[in-house]
Amino acid sequence: TPDPRTHSYTKYNSWDKIQAWISSISSSNPDLISRQVIGNTYEGRPMNVLKIGKKSSSTKPSIFLDCGIHAREWISTAFCQWFVKEALSTYGSDSEMTGLLNQMDVYVLPVFNIDGYDFTHNSNRMWRKTRSRMSGSSCIGADPNRNWNAGWCTTGASSNPCSDTFCGSSPESEIEVKNVADFIRRNKSSIKAYLTIHSYSQLLLFPYSYTFQLAEHHSELMTVAEGASKALRSLYGTEYTSGPGAATIYPAAGGSDDWAYDLGVKYSYTFELRDTGRYGFLLPESQIKPTCEETMLAVKYITSHVQKNLY
Ligand code: PAY
Ligand code: ZN
């Protein structure tokens, strides 16, 4: 395995490079990282979740972070790698990170939709969905952010397998969604926050997207989102808009944040990273570093709120 120090955090890495990095970074940091395979993708690639935190004999409260639900949102995947690097390199020097990893664990799924991500590198850069086959249709894949059991396929989703927002044949029909949902259900009592990274639009969204109804914890979720957006903006002036998904971007059922929230994970957020459309999904590599740096501030703002408000 390659040395994790030679991994590039300012490039859009292929799945093969990310996979090699996952093994090398976890074996080089056994005190802070452990990894587990939560299942395989449709095409058989292993889905690794990294657990980052100081080892403890008892179960710690935790945060679940995923990147790359949508294949073409490459800045998202770059962010999870950046987060892991920052966590390891600032543990012991940055008091916020040290406190977080002492008290809590962060589960990181660096690439959710690995088959789709690989496809965007090798065949079609604009692919969004999974790569599953369905009998009766020659179209491939379902939208892994329309496939969760939260108002499934009722709004802002399509039942046409050829659509980019195809909700799948049933909730959790996509094995990647099922694997993650099973993991979160299994660890439900410890998981206090669910953070999912997408691009683009510069938004910090929270439930609900499947209905215009306000979430029970709407005002706290909004206050925390606004604090996080302000922290993000403090670095380079990047403006984010905060709000519930349905009213802030569009109604969309079957999303992961709504599902996690309804399961009982109060702090459930969807990030839409840079930019607002100039480059869109094709955000230049030169923007990886500033985007990840500013996003870290927002993520850390949320995690410290969670840490102070464990429930
Ligand atoms: O919570 O409402 C929500 C989900 C919003 C995202 C979704 O459609 O799943 C928004 C889009 C995304 O990141 O996939 C935004 C991008 C720009 C798109 O493809 O439209
Ligand atoms: Zn997305």
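Start with lysine 300 and aspartate 94. Their side chains meet in a salt bridge, 3.1 Å from N to O. Lysine 300 sits in helix α9, residues 288-308, and aspartate 94 in the loop between α2 and α3 (95-103), so the pair ties together parts that are 206 residues apart in sequence. A salt bridge here is a side-chain nitrogen of Lys or Arg within 4 Å of a carboxyl oxygen of Asp or Glu. Helices (H or I, at least four residues) and strands (E, at least two) are DSSP runs, numbered from the N terminus.

Lysine 300 is buried, at 15% relative accessible area. Aspartate 94 is partly exposed, at 23%. Buried means under 20% relative accessible area, exposed over 50%, and partly exposed in between, with a 1.4 Å probe and protein chains only.

A word on the model. It is predicted: local features need pLDDT of at least 70, side-chain atom pairs count only at pLDDT 80 or more, and totals for chains, interfaces and linings use all residues. Residues are numbered from 1 along each chain as its sequence is written, chains are lettered from A and ligands numbered from 1 in the order in which they are written, and side-chain values use heavy atoms, leaving out hydrogens and water.

Back to the charges. The count comes to 18 salt bridges. One of them joins arginine 72 and aspartate 164, at 3.7 Å from N to O. Arginine 72 is in the loop between β3 and α2 (74-90), aspartate 164 in the loop between α4 (114-122) and α5, 92 residues apart. Arginine 72 counts as buried, at 12% relative accessibility. Aspartate 164 is partly exposed, at 34%. Arginine 146 forms a salt bridge with aspartate 143, at 3.8 Å between the closest N and O atoms. Both of those residues are buried.

Now the sheet. How many strands form it, and in what order? Eight, in an open sheet: β1-β2-β4-β3-β5-β8-β6-β7, with mixed pairing. Two strands pair if DSSP finds at least two bridges between them. β1 (33-40) and β7 (241-244) stand at the edges with a single partner strand each, so one side of each has no neighbour in the sheet. Inside the sheet order, β5 (residues 191-199) and β8 (residues 267-273) run parallel, joined by seven bridges. Serine 199 stands opposite leucine 273 in β8.

Finally, the whole protein. The secondary structure comes to nine helices and eight strands. Buried residues make up 59% of the 311.
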